[in-house]
Amino acid sequence: SAGLVLVSGTGGGRAPAFPTLVVQGRDDRMARAPDARRFAAGGRARYREIEGGHFVFLSRHDTVRALVGGFLRERERIAGSR
């Protein structure tokens with residue numbers, strides 16, 4: 001089943017109508033956490049805020065990797081059950 005993963009930035013607006021994982025650094029000054037929270041509040045988004053700034057994918061790689069991996073495994077499981 002399709003899905004979207006966004007790390008450190010959402011581009012505004014609202015989350016799409018399909019499963020989306022939004023991973024956001026709490027202290028990100030380039031793509032602010034409150035904006036990401038608002039984006040994820042609509043649609044079928046799952047929001048995960050972690051300690052760090054804009055480059056959480058690098059500074060908190062293990063945490064981000066686990067979140068993204070779990071989301072992708074879930075999407076695969078759902079696709080396989082259809």
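Colleague: What does R46 count as at 27% relative accessibility?

Modeller: This is a predicted model, in which local features need pLDDT of at least 70 and side-chain atom pairs count only at pLDDT 80 or more, while totals for chains, interfaces and linings use all residues. Residues are numbered from 1 along each chain as its sequence is written, and side-chain values use heavy atoms, without hydrogens and water. Buried means under 20% relative accessible area, exposed means over 50%, and partly exposed lies in between (1.4 Å probe, protein chains only). R46 has 27%, so the residue counts as partly exposed.

Colleague: Which residue meets R46 in a salt bridge?

Modeller: A salt bridge needs a side-chain nitrogen of Lys or Arg within 4 Å of a carboxyl oxygen of Asp or Glu. For R46, the N to O distance is 2.8 Å, and the partner is E74.

Colleague: How many residues apart in sequence are the parts that E74 and R46 tie together?

Modeller: Helices (H or I, at least four residues) and strands (E, at least two) are DSSP runs, numbered from the N terminus. E74 belongs to helix α3 (residues 61-80), whereas R46 belongs to strand β3. The pair therefore ties together parts whose separation in sequence is 28 residues.

Colleague: Why are D35 and R38 separated by about one helical turn?

Modeller: Their side chains meet in a salt bridge of 2.3 Å, N to O. D35 is partly exposed at 32%, and R38 is exposed at 52%. Both lie in helix α1 (residues 33-40), and the separation is about one helical turn because the two are apart by 3 residues.

Colleague: How many salt bridges does a search of the whole structure find?

Modeller: Among them are the pair D35 and R38 and the pair E74 and R46. The search finds a total of 5.

Colleague: What area does the nonpolar surface patch made by M30, F55, F57 and L58 have?

Modeller: Patches are made of residues with over 30% relative accessible area and no salt bridge, with like charges joined within 9 Å and nonpolar side chains (Val, Leu, Ile, Met, Phe, Trp, Tyr) within 5 Å. F55, in the loop between β3 (45-50) and α2 (56-59), is exposed at 54%. By the Shrake-Rupley method with a 1.4 Å probe, where for residues only the protein chains shown count as cover, the patch has an area of about 500 Å².
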